[in-house]
Amino acid sequence: MKENRNRHVGIRFSSIVFILLCLISSAYSQDVPATHQKYLFFPYPLDHQWRSSLGLTLTTLPQDITEEQHYRYPALDFHVLKKVSKKFYLDGRINVQVFQNMVTAGIRWATPLNDRLSLSLGNDIGWWFGSINIYGFNTKGNGFQNFPNASLGYRFNKKILLTAKGEAIMNLSVNARTGTIPVASDYRLLSGSSFTIALEQPFFGRNNLTLGFRAIYTDFFWQTWSLFEVFDRNIFYPQLIIGVTL
């Protein structure tokens, strides 16, 4: 029953995202090539040396973890791309919550399949870290994760870029300590997977707006490291993504 409620939360999030984008997109009808648009998620070779965005991610923690009610954890999200060659570029992101943070960096190979479709393959290495010392609760943690990924993009006529991204979630290490006492952890190497739908389109001036929904299904989510959950099964975490290009 709890898993069904979590899935319903994810469906509601995704419905809101698509409704908002449909309302905004009605004002645009001009067909513009991808090379003339600003994008961070869309899998297409870069025409500029740098591209970046600033926004938020909002993740709902399921009741399997919080027990009583849903908690939504916002995090500042800085996303940057760096062109390496004609079809290769670097992809980096920083998620900041003060008490817990994640830095990822990886490489992408992107290529157009035709005038509308494009594809990218990549891999990201992530390092999460956190420190909480309040009300006598003193704990620190850090760890490494790996995210092999693939994205498929479709360019619409109305300056809208749609991206579907799938990735595996792999735990390379999880280290936590309460005071001076290490906390034992035993997570699977292949922790789970996630699927993201992102839409990018003009927003204000020369900036683009990104609205996305990420469905995370894993037995370890880095934002819950301090809860020391002991579930030996995958749990669903819905995440909303909002960003504006800089």
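Is Arg-51 buried or exposed? Select Arg-51: its relative accessible area is 8%, so it is buried (buried means under 20% relative accessible area, exposed over 50%, partly exposed in between, with a 1.4 Å probe and protein chains only).

Before moving on, some ground rules. You're looking at a predicted model, where local features need pLDDT of at least 70, side-chain atom pairs count only at pLDDT 80 or more, and totals for chains, interfaces and linings use all residues. Residues are numbered from 1 along each chain as its sequence is written, and side-chain values use heavy atoms, leaving out hydrogens and water.

A salt bridge here is a side-chain nitrogen of Lys or Arg within 4 Å of a carboxyl oxygen of Asp or Glu, and the count comes to eight. Asp-47 is partly exposed, at 32% relative accessibility.

Next stop: select Arg-93 and Asp-77, whose side chains form a salt bridge at 2.5 Å, N to O. Arg-93 sits in strand S3 (residues 88-96) and Asp-77 in strand S2 (residues 71-83), so the pair ties together parts 16 residues apart in sequence. (Strands are DSSP runs of E, at least two residues, numbered from the N terminus.) Arg-93 is buried at 16%, and Asp-77 is buried at 5%.

Last, pick Asp-124 and Arg-108, with their closest N and O atoms 2.8 Å apart in a salt bridge. Both residues are buried.

Terms used. Helices (H or I, at least four residues) and strands (E, at least two) are DSSP runs, numbered from the N terminus.
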